[in-house]
Amino acid sequence: MATSTLILLFVIIFLVGLIFSMFGQGGGAFFVPVMLAFSIPFHDAASTSLFVLMATSISAAWVYGRSGMIDWKLALVIDPITDVLAFVSGYFAVNVSGAVLKVLFALVLIFSSYFMIRPVKADKATSPKKKGFGFWHRKFGDYEYDANLLMAIPLSGTAGVLAGLLGISCGLFKVPLLVLLCGVPMKIAVATSSFMVALTGLGGFLGHSLSETISWKLAILLSIAAFAGAQIGSRISVKIDKMLLKKLFGVLLILISIWMIYNALVG
């Protein structure tokens, strides 16, 4: 890859890391399409994306953690199954054709865009208490909410499978999952998701690294770009209202999914 091309890719990944960290997501929804646009094969793009996701999410989680916005206990209950299944699906991803994965990637983005465009109620300090088997009442800072673990854990596992196969961040699922099923306020969901995405990225990348060759030079270079961008994006996110940005982000996901389907058909 020419030096000028590599510099351009570095700048784009920096901007992606900045923007996606504002939503508690690693950026896989953009990392993979961007690398495909630079003629990097899908499987290589997915494995590199997962490595870069770790850098982006660790960077963002560092900022969110210092701000006291990550619900660590909730993350450690919901996330382990995601990480294990991301590892397994990452290991077997090499056996699935790139064209099939591109179409699946596009469908995932279309599905995720609904939750980004869908209106979300403003954060409330206390949500109506839910009783019954599977609900876990959480008190976190000034907030109280009830996590539906019977729904959240299986769906989190599904997100892990997709993350490992496609090199995506799971934040596309984790933020809506935390908000809609667990009643977590948006800003806490975004912060908590950033921590979970880092662990899922690690699991998926380890799976890929055992079954295929990794371009370490490219992965490390792009990780530096994403890490720097996430430091800026997460700091901006702490201070702003994300509702309008969330809807714009959803529209952007639809446009990317259309491009991915086109790329699968002509590529």
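User: What does His43 touch, leaving out residues up to four places away in sequence?

Analyst: His43 touches Ala93, Val94, Val96, Ser97, Gly98, Leu101, His208 and Glu212. Contact here means heavy atoms within 4.5 Å. Keep in mind that this is a predicted model.

User: Why is His43 called buried?

Analyst: Its relative accessible area is 18%. Buried means under 20%. So His43 counts as buried. His43 sits in helix α3, residues 42–66.

User: Why is Leu265 called exposed?

Analyst: Leu265 has a relative accessible area of 70%. Exposed means over 50%. Therefore Leu265 is exposed. Its place is in helix α11.

User: Which residues make the nonpolar surface patch?

Analyst: Val103, Leu107, Ile110, Ile261, Tyr262, Leu265 and Val266 make it, over about 670 Å². Helices α6 (98–117) and α11 (243–266) each supply at least two residues. The most come from α11, with 4 residues.

User: What makes Arg138 and Asp71 a salt bridge?

Analyst: Their closest N and O atoms are 2.7 Å apart. A salt bridge needs a Lys or Arg side-chain nitrogen within 4 Å of a carboxyl oxygen of Asp or Glu, so the pair qualifies. Arg138 is in strand β1 (residues 135–140), while Asp71 is in the loop between α3 and α4 (72–78). The two are 67 residues apart. Both are buried.

User: How many salt bridges does this rule give?

Analyst: The count comes to 2. Lys174 and Asp79 also form one, at 2.6 Å from N to O. Lys174 lies in helix α8 (residues 171–180) and Asp79 in the loop between α4 and α5 (80–92), so the pair ties together parts 95 residues apart in sequence. Lys174 and Asp79 are both buried.

User: How do you know that the length of helix α9 agrees with its number of residues?

Analyst: Helix α9 covers residues 186–211, which is 26 residues. At 1.5 Å a residue, α9 should span 38 Å. The expected span uses one less than the number of residues. The end C-alpha atoms of α9 are 37 Å apart, which agrees.

User: Why is α9 called largely enclosed by the rest of the structure?

Analyst: Of its 26 residues, 19 are buried. Each of those falls under 20% relative accessible area. So α9 is largely enclosed.

Technical notes
Residues numbered from 1 in each chain as written. Predicted model: local features only at pLDDT ≥ 70, side-chain atom pairs only at ≥ 80, totals over all residues. Heavy atoms only, no water. Patch = residues over 30% accessible without salt bridge, like charges linked within 9 Å, V, L, I, M, F, W, Y side chains within 5 Å. Areas by Shrake-Rupley, 256 points an atom, 1.4 Å probe, with all protein chains shown as cover. Buried < 20%, exposed > 50% of the residue type's maximum accessible area, 1.4 Å probe, protein only.
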